Amino acid sequence: MLSEKDLLGLKNLKAAEIEEILSRAEEMKRALVAKKIKKTLDGKTLVVLFYENSTRTRTSFELAGKYLGANVVNISVATSSVQKGETLIDTGKTLDAMKVDFFAIRHQMAGAPALLAKNVKASVINGGDGMHEHPTQALLDMLTLKEKFGRIAGLKVAILGDIKHSRVALSNLFGLKKLGAEVVMYAPATMIPAELEKFGAKIAKSREEALDGADGVMGLRIQLERQNGGLFPSLGEYSRFYGIKRELLKYAKPNAVIMHPGPVNRGVELPPELIDGAQSAIEEQVTSGVAVRMAVLQMLSEYKGVRK
Amino acid sequence: MKLLIKGGTVVDCDGEKKADILVEDGKIVKIAAGINEDCKTLDASGKHVLPGLIDMHVHLREPGFEGKEDIQSGASAAVAGGFTQICCMPNTNPVCDNAVVVTYIKTRAAAVGKCKVHPIGAITRGEQGEALSDIGKMKEAGAVALSDDGKSVANSHIMRLAMEYANGFGLKCLCHCEDKDLVDGGVVNEGYNSTLTGLKGSIRAAEDIMIAREIALSESLNIPVHICHVSTYSGVELIRSAKSRGVKVTAESCPHYFILTDDIITGYDTNTKVNPPIREDIDRRAIIEGLKDGSIDVIVTDHAPHALKDKQVEYNLAASGISGIETSFALSYTYLVKAGVLTLPQLVRKMSARPAEILGLDGGDLREGGVADITVVDLGAKYTIDPSEFISKGKNTPFGGTEVYGKVCATVVDGDIKFGA
C-alpha cells in the first residue's frame, strides 16, 4: 500500500513501500515476459504529459498503461508553450475534469509534478522533473539489481557521470540508501551537486576507488550541450578521465552489472563493448522499466486515501 | 491644525520615556509629560510612540505593473505598516531613469496623500548597465538615491563612473549585489536544499563578489556606497571588515533574511522565492549579529508585491519577491526586540533614523521643532499574519500564519493621521 496519492520521488517513500513496489514489479515482469497480463486497469485512464522530449520513458509509461488495459492519452508539450500558453495548473485541472485517473508527467523544472499533484484529484507519477527526481527510473534500476543479486541491502553501487544535473542519480541515492545499499559516486567536481555527502553518498577520488568491489556500475548520460557550459572541456577528455573503461572493470566484482538509464553516448560514458557485453543490463533495465511502471500504476489505483 | 498624542511611551534612538507630543502645522512643538491642549487627541496610553518608520527599499510597481501594486495601494499599505516615508525602486515600466518618471511618481504620491514617497532613480538608462541616466535632472526632480535594483551594474568601469558622477550631486548608489554569470539561472541558495529539491542554486560568492567590488570602488574613490539586502554571512563579514577600516559603506537587510532559512523552499512554495535567495542558518545568524554590532545599518522590506498569477506557476517561472511592508515592524519587533537581539530604541534607529541619515531625509527622530512623522504601536498586541488582510495588492508572503507581536495603531505624516486611530 502506498501512503500517498502520488509518486513524486523516492525521498518520501518508506523502505517498506519501495520493497512492495519492487516485489509487485517482479510479478508484473514475469507476467510481462510471459505475455500473460491481467487487465486490472480496464476503464482507467492515464495521461502521459511530457514537457520534455523522451522516447524511452514516454513509451514505457504508455505501454505499462496499455498492457494493464487502461486508456492512454499522450500529450507532448513543446517547451516554449509552457511560458506563453496555458499554465501547468490549468492544464492539469482541465484534464482532471475529464476524469483522468493518472498523470505521468515529465517536466524540465523541478517541483512541477508536485505543483500538478496539489491541483488534481488524479494520481501523479513523476516521470522526471528537472534536476530533482526520476523515481520510476531508480525503481527499475533497483529491480534490475534485485533480480540479479536477490537483494539490495549490502550491495555497492557506483554511479559515474553528470550527478549534478541528474534526477536519476538523486532518486537512486534515496532509494538505494533506504534499502541498505552503499552508493559511491564519481564525476568531475563541476558535476557534483552541493553537499551530496549529506545525502549519504560517498564521493570517490578516482574511478578505481568508485568501482572497487562494486556490484552495480551505473553510467549517467552526459548532456553534450553542457560542454559549452564549461562543465568539462571536451568529450575526449571526459571519456579519458571519467568514462567507464573495460580495463577498470577488474576493480568491480566479477559478476557486477553495468547499467545506464539511456540514451547512451557510445564511447563517452561507456564503450560499445561494455554496452553490448555480457555484464550489461541495459536492455534488461528497459524491460524492468515497463514492469515497474505497471506496478506503480496498479498500486496507485489501489490508493484509498483522500484525493484533494 | 493641532494634534495631541497623549499618554504614550515616547521612543527614539536614545531611549524611552513617558511623554505627550503636541503637533502643530506638521511640526512637533512640544514633547513633555502632562500636556493639556484642547485639540484633536490621539490616545496613546499603553502604546509606544516612535519616530515615523522609513523604508528605503520598496517596489511600488507604478508605472507599468499596476496589476501587482500601484502608488495608491502601496502607499496605503505603507502607512498601515507604520511607514511615513518610503523610497521606491526604479524597475517600473518605463524605468524610472529620467526626471519625467520621477515627477510622475511624486505627483501621484502627493495626490494619493498617504506617506511620503521618494523615488530612487536608475543608475543607468533602462537599468541596462551601459549609459548613465540623467542623474542631475532626476535629483532636481526629487530622486533621493540611485539604484539598478534587480541587478548589478555588471561593468565595473561604468559603476565607477556612476558613483563619481552621482556623488557630485550628493546621491548615493544603492547596490543590488549579484554577479549574473555566477548566478547562472539559480533560483534558490546553493546548498543542501538546492540539491534536495533539484532547484538550481545560486552560490554565496555571486553576491559576495559584487559586495566586495562595491566596497573596493567606495574605498578607492572615497565615495559612500550602500549595499542592498545582504543575505550571506560572508557578505556581512565583508561589510564589517570594510567599516572597521573606515570605508564609507552602509548596508541593509530584510526580515526574511534574519528570520527564515532555506528549509522553507522544500515544498516548492513560490512565496519563498526572492532575490537574493533565503539562505542557511549560518547566514541568518550572521545577519542578526550584523544588525547587533552595526555592520548592518538598516532594516528594509524590499517590499516586492506580485499578482497571484505571477506566483501560481512552477518555481523557476515564479516572480521573485515578498510583499513585506505590512509585516516588517511586527516581524522585526518579534524576532529582534522580543528575542533580545536589539533594544526597542536600537530597532527604531534601524527602521527610521539610519535610513534618514543615509539618504539625507527629514525625519527619523522625535524632537521639538522636528517634522511630525510619528508611528504609534501596541507592542503587547499579538496576532497572526493573514495575507488576505493586506492592503497591498501583493499577498505574496511566506509569513502567512506566523504569530507576531506589535500592531501599528496609528501613522501620522506631517501632523496628519494617515492610518488608524
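Trainee: Which pieces make the β-α-β unit in chain A, and which hand does it have?

Mentor: Strand 1 of chain A, helix 2 (residues 56-67) of chain A and strand 2 of chain A make the unit, and it is right-handed. Right-handed here says that, with the strands pointing away from the viewer, the path from the first strand over the helix to the second runs clockwise. Helices (H or I, at least four residues) and strands (E, at least two) are DSSP runs, numbered from the N terminus.

Trainee: Before we go on, what sort of model is this?

Mentor: It is a predicted model, where local features need pLDDT of at least 70 and side-chain atom pairs count only at pLDDT 80 or more, while totals for chains, interfaces and linings use all residues. Residues are numbered from 1 along each chain as its sequence is written, and chains are lettered from A and ligands numbered from 1 in the order in which they are written.

Trainee: Back to those two strands of chain A. How many bridges join strand 1 to strand 2?

Mentor: Six bridges join strand 1 (residues 45-50) of chain A to strand 2 (residues 71-76) of chain A, and the two run parallel. One pair to look at is A:Thr45, whose bridge partner in strand 2 of chain A is A:Asn71. Two strands count as paired if DSSP finds at least two bridges between them.

Trainee: What order do the strands of that sheet come in?

Mentor: The order is 2-1-3-4 in chain A, an open sheet of four strands with parallel pairing. Strand 2 and strand 4 (123-129) of chain A are at the edges with a single partner strand each, so one side of each has no neighbour in the sheet. From one strand to the next the twist averages 15°. Such angles run from 0 to 180 degrees between N-to-C directions, with axes as lines fitted to C-alpha atoms, for helices over the stretch in contact.

Trainee: And what joins strand 3 to strand 4 there?

Mentor: Five bridges, in the parallel sense, between strand 3 (residues 102-107) of chain A and strand 4 of chain A. In strand 4 of chain A, A:Val124 is the bridge partner of A:Phe103.

Trainee: Switching to chain B. How many helices and strands does it have?

Mentor: Chain B has 13 helices and 20 strands. Its radius of gyration, taken over C-alpha atoms, is 20 Å. That is close to the 22 Å that the globule rule gives for 421 residues, so chain B is as compact as a globular protein of that length. The globule rule is 2.2 Å times the number of residues to the power 0.38.

Trainee: What share of chain B is buried?

Mentor: Of its 421 residues, 60% count as buried. A residue is buried if 20 or more other C-beta atoms lie within 10 Å of its own, exposed if 12 or fewer, and partly exposed in between, with C-beta atoms placed from the backbone.

Trainee: Is strand 16 of chain B enclosed or open?

Mentor: Five of the five residues of strand 16 (residues 249-253) of chain B are buried, so the strand is largely enclosed by the rest of the structure. On one side B:Val249, B:Ala251 and B:Ser253 are buried, and on the other B:Thr250 and B:Glu252 are.

Trainee: Which strands does strand 16 pair with?

Mentor: Strand 15 (residues 225-227) of chain B pairs with strand 16 of chain B in the parallel sense over three bridges, with B:Ala251 as the bridge partner of B:Ile227. The chain gets from strand 15 to strand 16 through helix 8 (residues 233-244) of chain B, and this β-α-β crossover is right-handed. Strand 17 (residues 298-299) of chain B is joined to strand 16 of chain B by two bridges, again running parallel. There B:Glu252 stands opposite B:Val298.

Trainee: What does B:Ile35 touch?

Mentor: Leaving out residues up to four places away in sequence, B:Ile35 touches B:Leu4, B:Asp20, B:Leu22 and B:Lys30. Two residues are in contact if their C-beta atoms, placed from the backbone, lie within 7 Å.

Trainee: Last one. How many residues does each chain give to the contact?

Mentor: Chain B gives 16 residues and chain A gives 23 residues. On the chain B side, helix 6 (residues 192-197) of chain B supplies the largest share, four residues.
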